[in-house]
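Thanks for coming, everyone. Please have the structure open as I go.

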Amino acid sequence: MTPQQMNERIVRYGELRPCKTAFIDAHTPGSDQKENFTIIGGGVSESPDQHVHIAIPHGFNIGAAGQPPHCRNSLHNHRTAEVFFILSGRWRFFWGQHGDAGEVILQEGDIFNIPTNMFRGFENVGTDYGMIMAILGGDDAGGGVIWAPHVIEDAQAHGLVLGDNGKLYDTKQGDALPDGVSPMPVLTQAELATVNTPTPAQVVGGYVRRYLDMLALATSGDPVKVIGETGLIRDKPGFDVDLITRDCATDAPHSHDRPSVLMPVKGHWKVTWDGGETVLAPGDTMSVPEGLSHAAVPSMTGEAALYHVVATSDAAGPTWEG
């Protein structure tokens, strides 16, 4: 694969194209300054304004959310995995139908595999613009987002209506629902009763891993299996996530039988493959084709870590309870 061909599979942080109208809360005060990025796959954006950087199916989606201080993403639910790692800033994740069932504060490098069938939201509680990177299970990411009822009601008061076709309509811009399309119904009380509300101990103990703790494990010489059947977070979301650091990186070429993705979180990484090489920086995303021999090692001294995501044969769906 030539450098030119591979360049089409690399999305640089400085070239990310945001969508500011991706979701139903785009006009709701407190959420109206967020930016969403669709990096690999179609994601779950409800807006026709989204830009998909890499449309090649991988078995999972890669996205990102960028928010200034005090901006939040409203409470929602997913049918497949939603994994976040903190690229920059300080973030508060909260959950429950009204966001009061628990919360956790995460910082750079920390990772959170949010259980399915649970309302969750997040807020930048740092002092600067922050960015979190996301991995969503499945090529269609479970078919979209399920919003808490009050989020849909608040959005309507500010002109945004979500159709039952999964698309947004801005009544303040003169949009009207097309014939045959009705407003997305809010969940009934019976449906809400089926949504999980785990305790903070269950969520933080089972699905959150701290970057500094994982660094200590990486000194064994092997990548840290963060998410997987035998991972620190035991789940089978349709992909595995490893943390690779300077202490466990190798220049020995290897390949995978499925697409994989390299996502640096610290330092600069030199990636070589049959046909070329490049250097990745934090926030860059590189898609490696299946069967392509490649290697990644730090290109400079200092702290270096990246998350490596590779598709598995497991179907995307509810959080694994094995």
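**Pockets and a cavity**

Let's start with the second largest pocket. Its lining divides into ten nonpolar, five polar and two charged residues. Keep in mind that this is a predicted model. The volume of this second largest pocket is about 220 Å³. Lining it are 17 residues. Nearest its centre lie Pro 223, Ile 244, His 254, His 256 and His 308. Which elements give two or more residues to this lining? They are strand 18 (239-245), strand 19 (250-254), strand 24 (294-298) and strand 25 (305-311).

Next, the largest pocket. Its volume is about 260 Å³. Here 15 residues form the lining. Closest to the centre are Arg 79, Val 145, Ile 146, Leu 162 and Met 184. By class, this lining has nine nonpolar, three polar and three charged residues.

Now the cavity. How many cavities of 30 Å³ or more does the structure hold? One. The largest cavity holds about 290 Å³ of space. Its lining takes in 24 residues. Find Phe 23, Asn 36, Val 44, Ala 64 and Leu 136 on your screen: they are the closest to the cavity's centre.

Several strands give two or more residues to the lining of this cavity, among them strand 2 (35-40), strand 5 (72-77) and strand 11 (130-137). Which strand gives the most? Strand 4, with four residues. You will find strand 4 at 60-67.

Last point, the classes. The cavity lining has 14 nonpolar residues, nine polar and one charged.

How values were computed: Residues numbered from 1 in each chain as written. Predicted model: local features only at pLDDT ≥ 70, side-chain atom pairs only at ≥ 80, totals over all residues. Heavy atoms only, no water. 1 Å grid on protein atoms, 1.4 Å probe; cavity = no way out; pocket = protein on both sides within 12 Å on 5 of 7 lines; lining within 4 Å. Points joined across faces, edges and corners; volume = space filled by probe spheres on them. Nonpolar A, V, L, I, M, F, W, Y, C, P; charged D, E, K, R; others polar.
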